[in-house]
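Please read the sequence and the structure below before the report.

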Amino acid sequence: MDHVSKEVRSQIMRSVKSKGGRSTEAALGKLIRAAGMVGYRKNWRVEGKPDFAWPKRKLAVFVDGCFWHGHSCKKLPESNTAFWKSKIEANQMRDKKVSSMLRRMGWRVIRIRECKVKNPASLARIVRAHCAESRN
């Protein structure tokens with residue numbers, strides 16, 4: 001259990017500023033531009049707020065940080081494990097809910113793990129393939 005109240009924890013988490021997603025969103029953005037894949041919107045205002053979206057193709061791309069979304073390449077901290085496990089499970093449940101909702105709305109959804117962004121060739125192939133499929 002957390003050692004501070006829910007309100008205090010929320011205030012603490014709100015005060016933590018993003019570093020711009022250098023290892024995730026910014027890296028993928030560079031790959032997308034280098035591959036010449038145009039027509040995307042950053043943080044498109046569709047349910048779930050995908051990191052990249054091609055509205056005309058109804059393609060949404062989320063870049064998930066490995067720790068925050070519970071990928072096996074990261075371990076839970078040794079302290080306050082119950083809190084972190086609960087937090088990450090809630091994130092995973094939200095990811096599934098958002099992906100399912102977008103699919104019901106006719107969107108194609110791609111979720112890319114932070115650790116996969118480090119392999120630009122395969123990553124560009126994945127996004128290109130989904131862009132091609134969404135043209136049909």
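The charged end of Arg111 is placed over the ring of Phe62, 4.1 Å from the ring's centre. A charge counts as sitting over a ring if NZ of Lys or CZ of Arg is within 6 Å of the ring centre and within 35 degrees of the ring normal. The model is predicted: local features need pLDDT of at least 70, side-chain atom pairs count only at pLDDT 80 or more, and totals for chains, interfaces and linings use all residues. Residues are numbered from 1 along each chain as its sequence is written, and side-chain values use heavy atoms, with hydrogens and water left out.

**Salt bridges**

The whole structure holds 2 salt bridges. The term stands for a side-chain nitrogen of Lys or Arg within 4 Å of a carboxyl oxygen of Asp or Glu.

| Pair | N to O distance |
|---|---|
| Asp64 and Arg111 | 3.0 Å |
| Arg111 and Asp95 | 3.8 Å |

Asp64 and Arg111 meet through their side chains. Asp64 belongs to strand 3 and Arg111 to strand 4 (residues 108–113), so this pair ties together parts that are 47 residues apart in sequence. The side chains of Arg111 and Asp95 also form a salt bridge. Here Arg111 is in strand 4 and Asp95 in helix 3, so the parts tied together are 16 residues apart in sequence. Helices (H or I, at least four residues) and strands (E, at least two) are DSSP runs, numbered from the N terminus.

Arg111, at 27%, is partly exposed. Buried means under 20% relative accessible area, exposed over 50%, and partly exposed in between (1.4 Å probe, protein chains only).

Asp95 lies in helix 3, which covers residues 81–104. Apart from neighbours within four places in sequence, Asp95 is in contact (heavy atoms within 4.5 Å) with Asp64, His69 and Arg111.

**Aromatic rings**

A pair of aromatic rings is described by the distance of the centres and the angle of the planes. How many aromatic pairs does a search of the whole structure find? The number is 4. In the pair of Phe67 and Trp84, the centres are 5.6 Å apart and the planes are at 65 degrees, so this pair is edge-to-face. Phe67 is in the loop between strand 3 (59–64) and helix 3, and Trp84 is in helix 3, so the pair ties together parts that are 17 residues apart in sequence. The rings of Phe83 and Trp84 are edge-to-face as well, because their centres are 5.0 Å apart and their planes are at 75 degrees. Rings of Phe, Tyr and Trp (its six-membered ring) pair if their centres lie within 6.5 Å; planes under 30 degrees apart count as stacked, over 60 as edge-to-face and the rest as tilted.

Ring pairs join Phe67, Trp68, Phe83 and Trp84 into a cluster. Phe83 and Trp84 are both buried, and Trp84 has a relative accessible area of 18%.

Val8 is found in helix 1, residues 6–15. With a relative accessible area of 36%, Val8 is partly exposed.
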